[in-house]
Amino acid sequence: MPTCRVRYTFTTTSSRQHADPPGFCTGLAEEIREPDDAGQPGRLVSRYWLRAIAEDGQDIAERLNSGYFRISSLDLIGTLAWDTVEP
């Protein structure tokens, strides 16, 4: 399926007891999306965080990918577009 690289701002919450969520973050995710009727990025199938930087500068991408933290709000930076980065 086609992929997109997408930038977001978001806030986190804890998904585990006693975990201290970092709060506000910015991140870059690789998303697999289904094409819509016009061939543009449509329904989200999966998301993998490449980078997720908390206000203290810590990269929490691995903890987001593992489910240690959850996202409580997610705001897109820019627009959705198919990934043009060659592997």
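**Aromatic pairs**

I began with the aromatic rings of this predicted model and found three aromatic pairs, where rings of Phe, Tyr and Trp (its six-membered ring) pair if their centres lie within 6.5 Å, with planes under 30 degrees apart taken as stacked, over 60 as edge-to-face and the rest as tilted. For Y8 and W49 I noted ring centres 5.9 Å apart and planes at 65°, so the pair is edge-to-face. Y8 sits in strand β1 (residues 3-14) and W49 in strand β3 (residues 41-54), so the pair ties together parts that are 41 residues apart in sequence; helices (H or I, at least four residues) and strands (E, at least two) are DSSP runs, numbered from the N terminus. Both Y8 and W49 are buried, with buried meaning under 20% relative accessible area, exposed over 50% and partly exposed in between, for a 1.4 Å probe and protein chains only.

I then turned to Y68 and F69, whose ring centres are 5.0 Å apart with planes at 80°, so this pair is edge-to-face. Y68 is partly exposed at a relative accessible area of 27%, whereas F69 counts as buried at 4%.

**How the model was read**

I number residues from 1 along each chain as its sequence is written, and side-chain values use heavy atoms, with hydrogens and water left out. Since the model is predicted, local features need pLDDT of at least 70 and side-chain atom pairs count only at pLDDT 80 or more, while totals for chains, interfaces and linings use all residues.

**Core**

I looked up how the rings group and found Y8, F10 and W49 linked by ring pairs into a cluster.

Leaving aside neighbours within four places in sequence, T12 is in contact with residues including P21, P22, C25, I60, L64 and F69.

**Sheet**

I traced an open sheet of four strands in the order β3-β2-β1-β4, with antiparallel pairing, two strands being paired if DSSP finds at least two bridges between them. The edge strands are β3 and β4 (69-77), each of which pairs on one side only. The twist from one strand to the next averages 40°, taken from axes that are lines fitted to C-alpha atoms (for helices over the stretch in contact), with angles running from 0 to 180 degrees between N-to-C directions.

For the antiparallel strands β2 and β3 I noted ten bridges, and I found C25 opposite A54 in β3 and R33 opposite L44 in β3. The hairpin of β2 and β3 has five residues between the strands, and in this hairpin G39 takes a positive phi near 85°.

**Cysteines**

I last looked for disulfides, defined as pairs of cysteine sulfur atoms within 2.5 Å, and the count came to zero. C4 is buried, with a relative accessible area of 0%, and C25 counts as buried at 1%.

Terms used
Contact = heavy atoms within 4.5 Å.
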